[in-house]
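Let's take a walk through this protein together. Have the sequence and the structure open beside you as you read.

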Amino acid sequence: MINATQQEEKEYLEQIKEQLTLAIRRVDGSVKQFSEELREKKEYIHEHQSGMDEADMVAAGQSINRMAFTGEAAVGRKRKLLKLGQSPYFGRLDFAATGREAAPVYIGIYSFFDELQRANLIYDWRAPISSMFYDFESGPASYTTPAGPVRGTIGLKRQYRIRDGRMEFLLDSDVNIQDDVLQRELAKSSDDKLKNIVATIQRDQNAVIRNESASVMVIQGVAGSGKTSIALHRIAFLLYRYRETIAAGDILIISPNKVFADYISNVLPELGEEYIPEMVMEELAADLLENRQPFQTFFEQVSALLEHHDAAFIERIRFKSSFDFLSQLNQYLLHIENSYLTFQDLRVGSTLVPKALIEQKFRGYHRVPLLKRFALVAQDVRDYVRHAAGRKLSGREKGTIGEAMNRMFRFQNVLDIYRDFYRWAGQPTLLKLGHNLKLEYADVFALIYLRIRLEGVSTYAHVKHLLIDEMQDYTPVQYAVLSRLFTCRKTILGDVSQTVNPYSASSAETIERVFPQADVVRLYRSYRSTMEITAFAQRITPNPHIIPLERHGPAPAVVGCGSPAEELDTLKRLLEAFRKSGNQSLGIICKTQHQAEQVHEALPAPDVHLLTDESSSFKEGVIITTAHLAKGLEFDEVVVPFASARTYQTEVDRSMLYVACTRAMHQLTLTHTGQPTGFLA
Ligand SMILES: Nc1ncnc2c1ncn2[C@@H]1O[C@H](COP(=O)(O)OP(=O)(O)OP(=O)(O)O)[C@@H](O)[C@H]1O
């Protein structure tokens, strides 16, 4: 039975679809016209080239570029209209601003302004008026525009699900409705990358997404609280809000690895934004070290920690992840300036350059990075000698002056200085360089930090917003580097419980020490997993603040096996069961890469994919990987093999187990031989 409301809404939907179709036709017409004009213009230039001067050519080129640009914009617009045709809107508010009549406001993923009616038929979810959809139920409501607040009353709040142009459901809002639609969204199975959540953004999430005042926003949120989703929606919001000054290419995402970058890559295009540049930390490091210094990757560091317990290695990592390490580096930088410079009189031909003069010149450049000052002082000294002697200097004399300046300082390169730091700190054993001077991962950003302080860097000035995901994996020294490289606004998010290296984990508080101006938001509501899975994961790493969303599923199972062969058989059976279930994605998450390879060999099938640190894209279906690489991903079902007391013993192991279990949305199974890990007790 269709009631009157549903009938009306269906008719309205048809009406909107028709308007959209007409708008698409108009765009098609104009695209055709553009390309026609463009072709004519090109032909004209080709024919009249010989008669044109340089200025004419520049002008013609510019006009072609302008036309091409307008043409591209039209193509982009068409893409959006086509998408709107599939799902024009997901919400509606009937809002009466004080003293005015109520009017419906339909909210969709993009806005749709109908040129014929000269009316906004659909509002972008990021428009100021749309914020009320997330912030209020029916009753008094308000929103903020650049011109000031608008107050009024919401008479009706309605939610829709429209797919392929068909109305699947509509619901009028009472207090619980938001939850109802959210429940439906969360109960669905997922086979794909991260999705947009525009229709069900929650109030606290909305506040983070639309925050315009924070120069640094730190989001500490429990597993599955929507941090990554919110951060991406925030980017979409900022691109909309500041569209005159920020474009997609001006934003940079620092992500933990290529698979994760690929996993999140759908969200912004779904929201109508373009590709956002992304980088992994190691790429940034290689860039800053000009690809000249070999170094261990983060993945290699964590793998080494997982493979054997090496107390000295752990101590090195711990020290270099501390705030104290950064302070000591800073003290050391002062120390070298105060104690490592020796000024001496210099004789060039018959001219004496007094050391006081050299020192005075040197100190005058205190704003210039130390290692850059010598060349500047050498130039000043040359000028001084030329002036005093009243003649030009020979090449040899110039060289002598340059060398003399370099002799004032003990070291010529930053790696030597970094080594000396450990001598100075009385901790020479804390630096261990490998073959070919290969750096350990914990040293990479310390060396870069010294380089920046001593040699300066060109900042990434073109970046206007920086997004850092998995913030817990970066240390104070890394943040100190990032804050010097990127002077723009930042959104930094993560969860200290989900570190893959507990010896180098940073909490929101640590990050606040590097960015004292930061706005810190904490999210405790968890959306990903059923209550059963969340409760199970709490046994591994308890967090009394976590608020799981009321959604139920089967209790996680811990399956003991008699032998390794039996365990592999069990995995095969679980894979078969998954294939028959309604679940669409399965993650088999191991502690080490070696184990993952072993499972992969035992389960050969075309739809089973092994993800390693060398993988560059996310795969759908069945994934076998390590907890380290699974961080940030999610699956309908997760299987954690080898969950024995032998495999999971140390603090790093505990973190891995927690990350692995929190990847599950609906179903979780652990298998083991011998004793199960004590972390489940
Ligand atoms: N408001 C919401 N509406 C619908 N789904 C949501 C909402 N918030 C979060 N989710 C869903 O919860 C899941 C977890 O989100 P996301 O991966 O962004 O969380 P996270 O905090 O980054 O997780 P983790 O730190 O554990 O990797 C996703 O499936 C996401 O779509």
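Strand S8 (residues 216–221) and strand S15 run parallel and are joined by five bridges. Helices (H or I, at least four residues) and strands (E, at least two) are DSSP runs, numbered from the N terminus. Two strands count as a pair if DSSP finds at least two bridges between them. Within this pair, Gly221 stands opposite Leu523 in S15.

Before going on, a word about the source: this is a predicted model, in which local features need pLDDT of at least 70, side-chain atom pairs count only at pLDDT 80 or more, and totals for chains, interfaces and linings use all residues. Residues are numbered from 1 along each chain as its sequence is written. The pLDDT is the predictor's confidence in each residue, from 0 to 100. The protein chain averages a pLDDT of 90, and 99% of the residues score at least 70. For the complex, the predictor gives an ipTM of 0.98 and a pTM of 0.88.

S8 and S15 belong to an open sheet of six strands with parallel pairing, in the order S10-S9-S13-S14-S8-S15. Which strands stand at the edges of this sheet? They are strand S10 (278–280) and strand S15 (519–523), and each pairs on one side only. Helix H9 (residues 281–288) lies across strand S9 (251–255) and S10, running at about 80° to S10. Being in contact here asks that the C-beta atoms of two residues, placed from the backbone, lie within 7 Å.

Another open sheet of six strands, again with parallel pairing, has the order S18-S23-S22-S19-S21-S20. Strand S18 (557–561) and strand S20 (608–610) each have a single partner strand, so one side of each is left without a neighbour in the sheet. Inside the sheet, strand S19 (residues 586–590) pairs with strand S21 (residues 622–626) in the parallel sense over five bridges. Here Ile588 stands opposite Ile624 in S21.

Axes are lines fitted to C-alpha atoms, for helices over the stretch in contact, and angles run from 0 to 180 degrees between N-to-C directions.

Now for the ligand. It is surrounded by 24 residues, and the closest are Ala223, Gly226, Lys227, Thr228 and Ser229. A residue is near a molecule if its C-beta atom, placed from the backbone, lies within 6 Å of it. Helix H4 (177–187) and helix H6 (227–241) are the elements that give two or more residues to this shell.

Finally, look at helix H20 (residues 531–540) and helix H24 (residues 651–661), whose axes come within 9 Å and cross at roughly 175°. That makes H20 roughly antiparallel to H24, a term used for angles over 145 degrees. The contact is made by Phe536, Ala537 and Ile540 of H20 and by Arg654, Leu657, Tyr658 and Cys661 of H24.

Conventions:
Parallel < 35°, antiparallel > 145°, perpendicular 65-115°, else oblique.
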